[in-house]
Amino acid sequence: MNNKEYALGVFLDIEGAFNNAPPTSLLSVMRSKGVANTVIRWIDSVLSNRIARATSGDISIEVYLRRGFPQGEVLLALLWILVADGLLQALDTVGCFSQGYVDDFCILAIGIDLSTVCSMMQLAICKLERWCRRHRLTVNPKKTEMVLFTHKRKLAGIKQIRVYGEELVRLNEVKYLGVILDSKLTWKEHLLNRYNKAVATFWQCRRIVGQTWGISPRIMHWIYIAVTSIVPGYNRETSGDG
């Protein structure tokens, strides 16, 4: 934006990543990265011999699990990262910046010509779709969000971006990993959101203490500092009678 360029961002998540990722994809990635065969066979055995049981009264059902990773296990995050790393590498080949946090991904296409930026993004989306088909995963277009970061008002050359045939609607802001990003990066909406949450939490804390009852003043002061210190400019004058 400082260079008067466009930055087109698409924010998405892989649907049911942990539940649907096929173990065969993981084992293939591990072999390509030179993981010892002993480790590969051990993980293959762990993923291939899982049984889910459900019992209701006198009825009991057993199902062999052929897909997904065991949630809650220590290795869960590492196993998914090994698979997801291939997606990030594929997206890098089209000149886009990509980043992933667990199953939440963002793709950024940056350039001075908006038409070229849109073409780069569509190419990246096509790479994403091919990767998902190869690993038997998918992305929900309705949960995929797109924001064009720019200070410019005239958007000459903008093109439609489609995910699985569905056109993405360009939004003015998006919430990614708890941070609200607006199209002009003013941070106004994010700061206002955090401010409102802090004020609401403050008044909830206010109800647990009185002049002659409630928690001790020392604990109340600690809570007050913890809540209000995240909001610049928040003081007794803005918080009523405090």
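Which residue in β6 is the bridge partner of Val 10? It is Met 146. The legends below describe close-up views of a predicted model.

**View 1. β1 and β6 run antiparallel.** Five bridges join the two strands. β1 covers residues 6-13, and β6 covers residues 145-149.

**View 2. Five strands make up an open sheet.** The strand order is β4-β5-β1-β6-β9. Pairing in this sheet is mixed. β4 and β9 are the edge strands, and each pairs on one side only. β9 consists of residues 170-171. β4 spans 97-101 and β5 spans 104-111.

**View 3. Helix α5 runs from residue 114 to residue 134.** The helix has 21 residues. At 1.5 Å a residue, α5 should span 30 Å; its end C-alpha atoms lie 30 Å apart, so expectation and model agree. Just after the helix, Arg 136 adopts a positive phi of about 55°.

**View 4. The buried residues of α5 pack against both strands and a helix.** Their partners are β1, α4 (76-92), β5, β6 and β7 (162-163). Among the buried residues are Leu 114, Val 117, Met 120, Met 121, Ile 125, Leu 128 and Trp 131. Cys 118 and Cys 132 are buried too.

View 5. Lining residues include Phe 11, Phe 97, Phe 149, Tyr 176 and Trp 187. Gln 99 and Cys 106 also line this pocket, as do Met 1, Ala 7, Leu 108, Leu 181 and Leu 185. β1, β4 and β5 each supply at least two residues of the lining.

**View 6. Lys 4 has a positive phi although it is not a glycine.** The angle is about 60°. Lys 4 sits in the segment before β1. Is this residue buried or exposed? Lys 4 counts as exposed because its relative accessibility is 61%, and the cut-off for exposed is over 50%.

**View 7. Leu 177 is a residue other than glycine with a positive phi.** Its phi is near 55°. Leu 177 belongs to the loop between β10 (173-176) and β11 (179-182). Its relative accessibility is 43%, so Leu 177 counts as partly exposed.

Conventions
Residues are numbered from 1 along each chain as its sequence is written. This is a predicted model: local features need pLDDT of at least 70, side-chain atom pairs count only at pLDDT 80 or more; totals for chains, interfaces and linings use all residues. Side-chain values use heavy atoms; hydrogens and water are left out. Helices (H or I, at least four residues) and strands (E, at least two) are DSSP runs, numbered from the N terminus. Buried means under 20% relative accessible area, exposed over 50%, partly exposed in between (1.4 Å probe, protein chains only). On a 1 Å grid over the protein atoms alone, a cavity is a set of points where a 1.4 Å probe fits but cannot get out, and a pocket is an open set with protein on both sides within 12 Å along at least five of seven lines; lining residues have an atom within 4 Å of a point. The expected span of a helix is 1.5 Å times one less than its number of residues. Contact means heavy atoms within 4.5 Å. Two strands pair if DSSP finds at least two bridges between them.
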